Amino acid sequence: MPFRLKLEAIHMSGLTNEEIEGRLNAQRETLALVVALLAGRDATSERIWAELEARFQFQNNQEDPGAVPSSAFAIESAMMREFKLIFEEARARKAEWNDTDKPPTRGASSSG
């Protein structure tokens, strides 16, 4: 079955800022969950953390300190912030699970 885009995906500009933010937050949390699940206790997990961390380290190669940042720089800066947020969320999830590599089941507790 071929991949089909929903009409809604084609017309993203019609979404409210709140809808876009909510979707991006869900994607960030999903990515952080996947990273936390993949990052076990072996050498591969350290590589995952190192690769993510390397992507949010700020590198300013700008030679003129008075220059106005370009839109490309703004996009790169936003990407680095997002990598950092995903990294931090994944680390927090991992810490929540006390390194058991088994996430708690949400909604399973009857307290509340």
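Modeller: Let us start with Ile86, which counts as buried because its relative accessibility is 8%, where buried means under 20% relative accessible area, exposed over 50% and partly exposed in between, with a 1.4 Å probe and protein chains only. Bear in mind that this is a predicted model, in which local features need pLDDT of at least 70, side-chain atom pairs count only at pLDDT 80 or more, and totals for chains, interfaces and linings use all residues. Residues are numbered from 1 along each chain as its sequence is written, and side-chain values use heavy atoms, with hydrogens and water left out.

Ile86 sits in helix 4; helices here are DSSP runs of H or I with at least four residues, strands are runs of E with at least two, and both are numbered from the N terminus. Leaving aside residues up to four places away in sequence, Ile86 touches Arg28, Leu31 and Ala32, a contact being heavy atoms within 4.5 Å. Leu33 is 53 residues from Ile86 in sequence, yet their C-alpha atoms are 8.9 Å apart.

Ala32 also belongs to the largest nonpolar core, an eleven-residue set that includes Trp49, Leu52, Phe56 and Phe87. Such a core is a set of buried Ala, Val, Leu, Ile, Met, Phe, Trp, Tyr and Cys residues joined through side-chain atoms within 4.5 Å. Helix 2 (17-38), helix 3 (43-55) and helix 4 (71-96) each supply at least two of its residues.
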